[in-house]
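Work through the following exercises with the sequence and the model side by side. Each task is followed by a solution that goes step by step.

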Amino acid sequence: MLNSYQNKLIELKERLVQSSWPNQQKMLNAYAFFSANLTHFMPSIPATQHKEWFSEAILNRQWNALDESFFHVEHPFTIHGWDNTWAKQLKKRPGLICTFHTGSYRFINYLLHRAGVPLALLIGDYAFREHRQSFNQMKQRLKTTSAHIPFSILNATDPKVAFKIKSTLEQGSSVLTYLDGYQGVQALTPQNAIRMPFLAQHQLLRKGLPYLAYKLNVPIYTVCCFRQADHSLRYVWLGPFEKLDMGLADFIDYTLYKIYSGFASYVQHYPAQWQNWSSLHLYANRNDFFIPGNPQQQIIKEPDEARHALLALNNDFFLLDKLTYQAYQIQKMQFNNLRQQWHGKSN
């Protein structure tokens, strides 16, 4: 199995070397915001490295899909940091498990299930529609490893989801959710989100998970997965977090701060493995960003690869200012010339 996995991984890498993502409108746009968000949240990474990190991010996304085809009783993965004492604790005291879209992030479901942890996966309606086939395949693979261990999927947009989570926990199953799974959820508001330090800026984080844990009096367990240079998978556990004698507001602030500061300390070492870089700006107040100097005095419309990125929307073409997120329309000829200069690709 290991040889088969390694051969498929080599084939995947070779295909990606031959691909030309700058020629794909969707990928070029994703890179523009990937680079802009790295500029703000991880300014220590030179702009000259952004394209390399983006190519790594493309590889990691497809690598995850490859991993899923090897989720069987026998698997080819070397694992570090997976402690069966966590499985025992989860079986003894079910709770809310939160994780992030890093490393081989769906393998966490498999490992918990194989360890005999009754589990429900909480996902948004959009994510389930987009990845329905993948989730159904995962359920079938889990059944082949431990058919008697409960595993279900809950829709986060279901109006009765809180009641179903409560019922699931009472029946002895923990509920796993991707804390950074933003797609398809309701808009962020001062009522449902708080501003929290994250890397070199701030992010708006939803209160829902710690609110629910507080009201249901269950712990929050946190686990992150990262793929190391030798292709092994490293798991990092944070928490558990319980309300004890804290008030609701303090518990929400405390848990989100501890979880996201812990996650940030690790993701800095593996930035290309996090899938959210291209959308991170949507979940922050960009007017609140710290920018050295006065950005209003630094507005530059002359194309500069370190400062700008290219956007294409059908037949309209733009320069995106990475500092201000303002877009300036340009002609197609200039767009193609800049793409050739910056990416070495053209139509």
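**Exercise 1.** Which residues in H9 meet which residues in H10?

*Solution.* This is a predicted model, in which local features need pLDDT of at least 70 and side-chain atom pairs count only at pLDDT 80 or more, while totals for chains, interfaces and linings use all residues. Residues are numbered from 1 along each chain as its sequence is written, and side-chain values use heavy atoms, with hydrogens and water left out. Helices are DSSP runs of H or I with at least four residues, and strands are E runs of at least two, numbered from the N terminus. Taking contact as heavy atoms within 4.5 Å, Pro210, Tyr211, Ala213, Tyr214 and Lys215 in H9 meet Leu248, Phe251, Ile252, Thr255 and Leu256 in H10. The residues of this contact divide into 8 nonpolar, 1 polar and 1 charged, where Ala, Val, Leu, Ile, Met, Phe, Trp, Tyr, Cys and Pro count as nonpolar, Asp, Glu, Lys and Arg as charged, and the others, Gly among them, as polar.

**Exercise 2.** Which residues in H9 are buried, and what covers them?

*Solution.* Buried means under 20% relative accessible area, with exposed over 50% and partly exposed in between, for a 1.4 Å probe and protein chains only. By that criterion Leu209, Pro210, Leu212, Ala213 and Tyr214 in H9 are buried. The elements that cover the buried residues of H9 include strand E2 (96-99), helix H8 (161-170), strand E5 (174-178), strand E7 (201-206), strand E8 (220-227) and H10. Just after H9, Asn217 takes a positive phi of about 55°.

**Exercise 3.** Which residues does Leu112 touch, not counting residues up to four places away in sequence?

*Solution.* With those neighbours set aside, Leu112 touches Trp82, Leu90, Ile97, Val117, Leu119 and Leu176.
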